[in-house]
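Subject: Structure handover

Hello,

Here is the structure for you to look over. My notes on it follow below.

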Amino acid sequence: MERVYNFSAGPAMLPEPVLKQAQAEMLSYGGSGMSVMEMSHRSSQFMELFEKTKANLKEVMGIPDNYKILFLQGGASMQFAMVPLNLFRKSKKADFINTGAWSKAAIKEAKKIGTVNIIASSEDKNFTYIPAWDASKFSGDADYFHITSNNTIYGTRYTTFPETGNVPLVADMSSNILSEAVDVSKFGIIYAGAQKNIGPAGVTVVIIREDLVGHGPENIFTMLDYKTHVEKDSSFNTPPCYSIYIAGLVFEWIKSQGGLKVVEKRNLEKAKLLYDFLDESTLFRNPVVPGDRSIMNVTFVTDSEDLDAKCIKEAKELGLVTLKGHRSVGGLRASIYNAMPVEGVKKLVEFLKKFEAHNK
Ligand SMILES: *Cc1c(COP(=O)(O)O)cnc(C)c1O
C-alpha cells in the first residue's frame with residue numbers, strides 16, 4: 001500500500017522514519033523481548049526512555065532549567081480546566097484573547113471558577129485575523145493571561161506575543177508547538193495535545209514554570225494538581241507509555257533534521273508555496289489577513305461549495321487526503337505540520353493548479 005499525503009489537522013502525519021523505527025522495535029524494544037506497549041512504566045528501561053525523551057524536548061525547545069516538563073493525559077481540553085484550577089490563586093481573574101473555538105473552550109472552563117476578561121477578539125470577522133491588543137485593557141492583577149498561539153480551524157497564528165509583565169502568559173500551542181523556535185522563558189505555561197505535531201493522541205505536553213506549581217486550592221483533586229505530576233515526574237499513575245515513546249522518536253527526528261531552526265525554515269517554505277499559489281489564484285482564496293497566516297494550517301475556499309467538494313474528492317483520488325475544512329468554516333484546509341514533506345505540498349499545489357485550469 002502506497003502511503004498518502006495526509007493533510008489532516010489531527011491526528012496527523014508522523015515522520016516516516018519514526019514509523020519505521022517503531023515498526024522495527026514493535027516486537028522487541030532495545031533487546032527487552034517486548035514492545036514498549038507491554039513494558040512496565042516503573043522498569044528501568046522505560047524510565048531511561050522517559051528521561052531521554054524529556055531531555056530531548058528540553059534541548060530541542062531550549063526549555064530553561066526553571067521549567068518542568070510533564071506528559072499528561074486528557075488532551076489540551078483537560079488543560080482548559082487544569083490551568084484555571086491551579087493558577088487562580090489571588091484575584092481569580094484571567095485575561096484572554098479570543099481567537100476562535102479553542103480559545104472559547106478555554107474561556108468557558110475558566111469562567112466556571114473565576115472572572116474572565118476578554119482583552120481582544122477577532123470574532124467579528126470569523127476569526128480570520130489575530131486581533132491587536134491594548135495593554136491598557138490588561139487586568140494587571142490577573143492570575144494569568146491566556147492565548148491560543150495557532151488557530152487550527154481558521155489558520156491564524158501569533159507572530160508576536162503580548163508582554164504581560166508579572167502576569168504569567170499561558171499558551172495553548174497544540175497545533176504549532178515545535179513548528180518554529182519560541183522563547184519559552186516568555187511563558188508561564190505552554191501546553192499542547194500531541195496529535196498535531198508531537199506524536200499520537202493520548203499524551204499532552206505541559207511545560208510549566210516551577211513557581212506556578214502548587215498553588216491549587218486545598219481540596220484540589222489529586223490528578224488535576226500540577227504538583228502531583230511534578231512530584232511524581234508524570235508517573236503518579238500509569239502514563240501513556242507508548243505515546244511518550246513515539247513522541248520521543250519525533251524529538252530525535254527533529255534533532256536529526258538539524259533542530260527547530262531548520263524545521264522552521266522548511267515550514268516557512270512549505271507555507272509560502274501554498275500561500276503564493278493561493279494569492280495568485282483566481283479560483284481559490286485564503287481568507288486570513290496575510291500577516292497572521294498560520295504556517296501549519298492553511299485554509300482556503302472557492303466561491304462554490306460544490307467546487308470545494310469536487311476538489312476534495314479529486315485530490316483524494318491522487319493520494320492527497322483529508323483536505324476538508326473544519327465543519328464550522330467549510331472550504332478546504334491543508335494542515336502541513338512538521339512531518340508533511342515539501343513534496344507533499346508541491347504535489348498539492350500542482351494539483352490545485354490543474355484543478356483551477358479545468359474549473360474556471
Ligand atoms: C486540537 C486542539 C485542541 C484540542 O485538543 P485535545 O487534545 O483533543 O483536547 C485544543 N486546542 C487547539 C489549538 C487544538 O488545535
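**Salt bridges**

K112 is exposed, with a relative accessible area of 55%; exposed means over 50%, buried under 20%, and partly exposed in between (1.4 Å probe, protein chains only). This is a predicted model, so local features need pLDDT of at least 70 and side-chain atom pairs count only at pLDDT 80 or more, while totals for chains, interfaces and linings use all residues. Residues are numbered from 1 along each chain as its sequence is written, and side-chain values use heavy atoms, with hydrogens and water left out.

K112 pairs with E109 in a salt bridge, and their closest N and O atoms are 3.1 Å apart. The term means a side-chain nitrogen of Lys or Arg within 4 Å of a carboxyl oxygen of Asp or Glu. E109 is partly exposed, at 25% relative accessible area. In total, the structure holds 20 salt bridges.

Another salt bridge joins R3 and E16, at 3.4 Å from N to O. R3 sits in the segment before β1 (5–6) and E16 in helix α1 (residues 16–24), so this pair ties together parts that are 13 residues apart in sequence. Helices (H or I, at least four residues) and strands (E, at least two) are DSSP runs, numbered from the N terminus. Both ends count as partly exposed: R3 has 46% relative accessibility, and E16 has 37%.

K93 and D141 also form a salt bridge, with the closest N and O atoms 3.0 Å apart. K93 belongs to strand β3 (residues 93–98) and D141 to the loop between β4 (115–121) and β5 (144–148), so the pair ties together parts that are 48 residues apart in sequence. K93 is partly exposed at 28%. D141 is partly exposed too, at 37%.

**The seven-stranded sheet**

What is the strand order in the open sheet of seven strands? The order is β2-β10-β9-β8-β5-β3-β4, and the pairing is mixed. Two strands pair if DSSP finds at least two bridges between them. Strands β2 (67–72) and β4 are the edges, each pairing on one side only. On average, neighbouring strands of this sheet are turned by 15° against each other, direction ignored. Axes here are lines fitted to C-alpha atoms, for helices over the stretch in contact, and angles run from 0 to 180 degrees between N-to-C directions.

Inside the sheet, β3 and β5 pair in the parallel sense over three bridges. A94 has Y144 in β5 as its bridge partner.

Helix α4 (residues 101–111) lies across β3, β4, β5, β8 (169–172) and β9 (189–193). The helix runs at about 165° to β3. Contact means heavy atoms within 4.5 Å.

G114 is in the loop between α4 and β4. G114 is partly exposed, with 22% relative accessible area. Not counting residues up to four places away in sequence, G114 touches F88 and K92. G114 and V329 are 215 residues apart in sequence and 30 Å apart in space, C-alpha to C-alpha.

**The ligand**

How many residues surround the ligand? There are 13, and the closest are S77, T152, D172, Q195 and K196. A residue counts as near if one of its heavy atoms lies within 4 Å.

A side-chain polar atom of S77 is 2.6 Å from an oxygen atom of the ligand. For K196, an N or O atom in the side chain lies 2.8 Å from a ligand oxygen. A76 uses a polar backbone atom, 3.0 Å from an oxygen atom of the ligand. A polar contact is a pair of N or O atoms within 3.5 Å; within protein, one must be able to donate a hydrogen and the other to accept it, and residues adjacent in sequence count only if both atoms are side-chain atoms.

**Strands β11 and β13**

Strand β11 (residues 297–300) and β13 run antiparallel, joined by four bridges. T299 stands opposite R333 in β13. From β13 (residues 332–335), L332 and A334 point one way, R333 and S335 the other, and all are buried.

L332 has a relative accessible area of 1%. Leaving aside neighbours within four places in sequence, L332 is in contact with residues including V298, F300, C311 and L323. L332 and C311 are 21 residues apart in sequence, and their C-alpha atoms are 8.7 Å apart in space.

Best wishes
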